Amino acid sequence: QKGNTVVDIKSNENAPVINKNIYGHFAEHLGRCIYGGFFVGDTSKIPNTNGVRNDIIDALKKLKVPNLRWPGGCFADTYHWKDGIGPKENRPTIVNQWWGGVTEDNSFGTHDFLNLCEALGAEPYLAGNLATGTVQEMADWVQYVNFAGKSPMSDLRVKNGRKEPWKVKIWGVGNEAWGCGGNMTPEYYAGEYRKYATFMSDWTNSGGLMRVASGANSEDYNWTETVMKNIPGSMLGGVALHHYSVIDWGKKGDAVDFSEEIYFKTMQQALKMEELVTKHSAIMDKYDPKKKIALVVDEWGGWYEVEKGSNPGFLYQQNTMRDAVLAGATLNIFNNHAERVRMANLAQCVNVLQAVILTDKTKMILTPTYYVMQMYNVHQDAKLLPLTINSPLYTFNGQNLPALSASASKDKNGLVHISLVNIDTKNSNSVEINLDELGVKSVTGTIIASPKLQDHNTFDNPTKIQITAFKGFENKKGKLQVVIPPFSVVTLEGK
Ligand code: AHR
């Protein structure tokens, strides 16, 4: 065990609120995320509501999913929403050109998705097709889902069985325009964005749409600079950023069978998020000093080789303690940057990449990442408590990473939550927290931990990793001494 680290947490009236949308999820038409994941069809023997699995709905409700991004990803820039409305037997097919080349029947469309969001109590985040669609098509989609009065699109919506508009506020204007979304230059994209955004009107009359520009790939700072320079702030609600924790795109490594060296590299990539959001935020500050525009990290997570024997285009991977630690450390970064990072979407929700839920026919399991998202949902819409932490080092092969990360908040009921992550594989790390300064008298805790870093839940052993009570702390005269075990994620609640 390593020596004491002081986590200095200060209440600050001017600190931002941690936007609940940081805890958003992402559901793309990719592999078994939608078809064979969320959506099994209403004739399935798996209990479902309008074709969507009830067990998934229940699990995601417990998670308090604040927003869900759909239908992509790369798929979004191939998707024509009008093919997914009206009687299902009349819908044309679509070939999913990015993900496995499979033919989809469009049986999961706009109504299915927006009704799912209503069932979850989550805000929909619709990603519009800028690359292969038209301005008219995007404007029509906005009118179809948001316009309450009489119009060609709202009449069509009513004809398709939905009288009241859904009032969708969050809209992506294309996706990864630098790559699968059209291989555009940032200058060209900014021009396209301005054109599309002009016709995406606020049919809800409820404070405006939040239009999100397709953002940078990891450290492409020029992308953010160009987009911020060329798009008027009044047209921008958010600028996206995508960053995956990949060790090598050519050799991503197994999701379960990995060495400590690979783990270390994954964590290097994950912790890079701190530098990325700091630098992208600094660029945004130049053009938007009042921080009106959000940095939206709408794709993040670990990306490994697909499970052996599974379709390479389906991106199905298992989820271990490595992913739990990765998620906790990333969420700490987002919380601490709450002033600018006001939305994020873990990729992806079901059966794809760093999923919170995996399914196999009738079975469903919750992954270690699910439990981290659950432990952290106490920070949603709570006031950030800024902190400093002088972390000890986690050393591997002569290279160092900060072993500990933390974030803290105070919720509307006055409860204080402190989340701590120790990425060190061998050493426990102890921290000291001054409770008196926080006005906290008593503390309880929860933890995600397991004997091996490679441990994970399986369909045969679905509860190997779960949230358990954490007792590794002692209150010594107003100073809380906490011992955080190796590769674990802890949340403390103080009142
Ligand atoms: O999440 C998988 C893919 O990763 C998305 O479709 C794309 O936007 C990104 O490259």
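This is a predicted model: local features need pLDDT of at least 70, side-chain atom pairs count only at pLDDT 80 or more; totals for chains, interfaces and linings use all residues.
Analyst: The chain as a whole has 10 helices and 27 strands.

User: How do you know that the radius of gyration of the chain agrees with that of a compact globule?

Analyst: A compact globule with 495 residues would have a radius of gyration near 23 Å, and the chain has 22 Å, so the two agree. Along the principal axes, the C-alpha trace spans about 70 × 50 × 45 Å. Buried residues account for 51% of the 495 residues.

User: Why is Leu331 called buried?

Analyst: The cut-off for a buried residue is 20 or more other C-beta atoms within 10 Å. Leu331 has 28 such atoms within 10 Å and is therefore buried. Leu331 belongs to helix 8 (residues 321–336).

User: What makes the phi of Glu176 worth noting?

Analyst: Most residues other than glycine have a negative phi. Glu176 has a phi near 40°, a positive value in a residue other than glycine. This residue sits in the loop between strand 9 (170–173) and helix 5 (186–199). With 23 other C-beta atoms within 10 Å, Glu176 is buried. Leu315, in the loop between strand 12 (294–302) and helix 8, also has a positive phi, near 50°. Leu315 counts as buried because it has 25 C-beta neighbours inside 10 Å.

User: How do you know that the peptide bond from Ala347 to Gln348 is cis?

Analyst: Its omega is near -10°. Most peptide bonds are trans. Gln348 lies in the loop between strand 13 (341–346) and strand 14 (357–360). Another cis peptide bond joins Trp70 and Pro71, with omega about 0°; Pro71 is in the loop between strand 5 (67–70) and strand 6 (94–95).

User: Which residues are around the ligand?

Analyst: They are Glu28, Gly72, Gly73, Cys74, Asn175, Glu176, Glu299, Ala347, Gln348 and Leu353. This shell has three nonpolar, four polar and three charged residues.

User: What makes up the contact between domain 1 and domain 2?

Analyst: The domain assignment gives domain 1 as 2–10 + 386–494 and domain 2 as 20–381. The contact takes 30 residues from domain 1 and 35 residues from domain 2. On the side of domain 1 that touches domain 2, the elements giving two or more residues include strand 20 (404–410) and strand 21 (416–422). Strand 20 contributes the largest share, four residues. By class, this side of domain 1 divides into 13 nonpolar, 15 polar and two charged residues.

Key: Residues are numbered from 1 along each chain as its sequence is written. A residue is near a molecule or strand if its C-beta atom, placed from the backbone, lies within 6 Å of it. Ala, Val, Leu, Ile, Met, Phe, Trp, Tyr, Cys and Pro count as nonpolar, Asp, Glu, Lys and Arg as charged, and the others, Gly among them, as polar. The radius of gyration is taken over C-alpha atoms; the globule rule is 2.2 Å times the number of residues to the power 0.38. A residue is buried if 20 or more other C-beta atoms lie within 10 Å of its own, exposed if 12 or fewer, and partly exposed in between; C-beta atoms are placed from the backbone. Domain bounds come from an automatic or database domain assignment. Two residues are in contact if their C-beta atoms, placed from the backbone, lie within 7 Å.
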